[in-house]
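Please read each point with the structure in view.

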Amino acid sequence: MFAAEIIFQTPYWYVGLCLLAGAAYAFFLYQPKPVWSKTTNYALAFFRGALVSIIAFLLLNPLLRSIQTFSDKSKVVLAIDNSESVASYGKKALESLEKLREALADEGIDVAAQTLNSENYQEELSKVAFNQPTTNLADMLGGAKSNYEGRNLTDVVLLTDGISNQGLAPTFTNYPFRIHSVGVGDTLPKRDISIKNIAANKIAYLGNQFPINADIVASGFQGQTVTVTLRQGSSTLSSQRVTFSQKDDFKQISFQATSAVKGLQHYVVEVEALKGEFTTRNNRRDVYLDIIDGKEKVLVLALATHPDIKAIRTILEKNLNYEVDVKVFGVNPSAETYPDKKYDLIILHQLPDLFNIGGDIIQRYLQRDNTPLFFILGSQANTAKASQLNSAVTVMANPGQIDKVSGRFNPSFNLLNLDPEKLRILEKMPPLTVPFGEYRLSPGSEVVLYQNVGNLKTTKPLLVLNTGGARKSAVLAGEGIWQWRMEEYALTEKQEAVDELLQKVIQLISVKEDKRKFRVYPLANEYNVGDKVTFETEVYNDIYEKTYGQSIRLEITDERGKSKPYTYTNAEGNSRFELSGLGQGVYQYKATTSLQNKVESVTGQFIVRDLALETLNLTADYGMLRALSQQTGGQFVKADQIEQLKDYLLKNKAPDRLDSAEDLSELIQNKWLFFLLLLLATAEWGVRKYQGSY
């Protein structure tokens, strides 16, 4: 159904003026005695008057409002849980579901089918493959909700066992349609042994022991004993015997392991299979650990004992990847000698000092390489020498002149993800002791904290860093941060703001800069079976501008040493390469390309995990399905009761809905008006020409 009306933006009597203008134009043009008949003259006057009147009317810019009404049939979506846990029950239920679809379609109902991994399934339901490794019912129902938003979707038939192992529980969401649950599966606990959970660190250090803990659940094996084994490849590292004393029993097993090989390592915890188990797929869990060779080495070199030293060490050791050495001149004999050990960061507390204690040792540290430096100044610091050694700030102060200041966060500092609100607490902290004088920032420096002198806000930097030079530097102009940590704990019972600030600054200046011109890396270090593994490619020229058009060879090697090569081109707007179909395990990759007639290569690792979530819970959850149907006004039936559901849906068929769409546009935009005007003008011109006049 279609209806339209014209809306005027001017008074209605303007239409009369348009008609009058057309009539006057025609009268004065055709009022003299014509050389043709009166009938022809009247026709020509009509053509000219209509043409002028319509043009004048269109100049008033009237609007055309059109309303189109159409019928939206009631719709039903068959939502099919095609996960692995439904496989043994779902095939048979699909036959009944196909008959339901045909019966509803015969009654004029639009029926669509949807699975966990597709928006709309158009083929025969018998072709649905129950192969999804996870179940997210809330996501599937949410997909139906969004796909049919604003449409007449009245009912969703959900075929599932109720086991949702990802996302929210579907009962936590409101739906604008009725959900009729078709329950499949067995609600009785299965006779089974499974590894429910594995607890292990993601990172371990070469040669160190690390724990791997396994939670084992058994149902129906009271009095029986199994062997739990920790393996790596074909080697058995350790095994333990476990006896189940109850019908439903829980055991926690702990293994201690070490590794003499760096990189990602693949371990397997496996429980011996017993006769009568429902499935043995959940008797095995894979563990992946990144074995790294040593920690980042940090040297804290101090003039004298000071509470700040303990505070700094505590902050650093919160990060397990730091190995901290503390050397105090006059206290540690080793501080007076230059070691062979190489450090990734050196923190100088009140060094260089006014008396140049250990100056030669410090100089030898600085001459070795471009090791990043973090200066903590104070009353004993030699600001002139410290200014020469750092690339962040120059401090011009007279020896012995000090000031007491608090810190104020610079909201313009964005090199780190810091919370300005959390750092407001620094303004309430006890003052630090800083050299009194003039502070000049070096080019490229960034201020993290400014100095506050009492209530006076200054622009003098308190904490400043520079990461752009050959040697990264940071300068904290005052001593006394141990008081900040104590005061923060007194105010909040936490030590977060100060510790997080210093940790992130230290990480920023100590991180090793990647100067490679060719980089290929996966977007994530871990993937699940079935995921696409995506590689990002970056190629730079001599001034580190991105370039494109290179041919990249990517070689993927699995744990068995089997390699597969791929080739792709790095293009602007398409610098990524995707792989799919990889099984679980640790994969090595090597990418090569040619830059300026030189072969560049990059290597790395990534993990593909098989979570086997569908094997961890094998008991159908009809209770959740009943609750879901009840809260949406739907029905719950078992798979052998789909015929009853069909009768209910047909009996309670929702009526078709009348929807209307309104459109408001300028009348002059209608093309038919152009052709009408052209017809009137052409008709007048043709008749006049035929009568021998122009």
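1. In this predicted model, the axes of helix H2 (residues 38–59) and helix H13 (residues 671–690) come within 9 Å and cross at roughly 150 degrees. Angles over 145 degrees count as roughly antiparallel, and H2 and H13 are therefore described as roughly antiparallel to each other. Their crossing is left-handed.

2. On the H2 side, the contact is formed by Thr40, Leu44, Phe47, Arg48, Ala50, Leu51, Ile54, Ile55 and Leu58. H13 contributes Leu673, Leu676, Leu677, Leu680, Ala681, Ala683, Glu684, Val687 and Arg688. By class, the residues of this contact of H2 with H13 comprise 14 nonpolar, 1 polar and 3 charged.

3. The axes of helix H3 (residues 87–106) and helix H12 (residues 642–651) come within 10 Å, with a crossing angle of roughly 20 degrees. That angle makes H3 roughly parallel to H12, and the crossing of the pair is right-handed.

4. Which residues of H3 meet H12? They are Ala93, Ser96, Leu97, Leu100, Ala103 and Leu104, and they meet Ile642, Lys646, Leu649 and Leu650 in H12. The contact of H3 with H12 has 8 nonpolar, 1 polar and 1 charged residues.

5. Asn452 lies in strand S22 (residues 446–453). Is Asn452 buried or exposed? Asn452 counts as buried because its relative accessibility is 4%.

6. The side chain of Asn452 makes a polar contact with the side chain of Arg408, at 2.4 Å. Leaving aside residues up to four places away in sequence, Asn452 touches Lys404, Val405, Ser406, Arg408, Glu427, Lys457 and Thr458.

Terms used. Residues numbered from 1 in each chain as written. Predicted model: local features only at pLDDT ≥ 70, side-chain atom pairs only at ≥ 80, totals over all residues. Heavy atoms only, no water. Axes fitted to C-alpha atoms, helices over the stretch in contact; angles between N-to-C directions. Helix = DSSP H or I, 4+ residues; strand = E, 2+ residues; numbered from the N terminus. Parallel < 35°, antiparallel > 145°, perpendicular 65-115°, else oblique. Left-handed = near helix turned anticlockwise from the far one by under 90°. Contact = heavy atoms within 4.5 Å. Nonpolar A, V, L, I, M, F, W, Y, C, P; charged D, E, K, R; others polar. Buried < 20%, exposed > 50% of the residue type's maximum accessible area, 1.4 Å probe, protein only. Polar contact = N/O pair within 3.5 Å; in protein donor to acceptor, adjacent residues only side chain to side chain.
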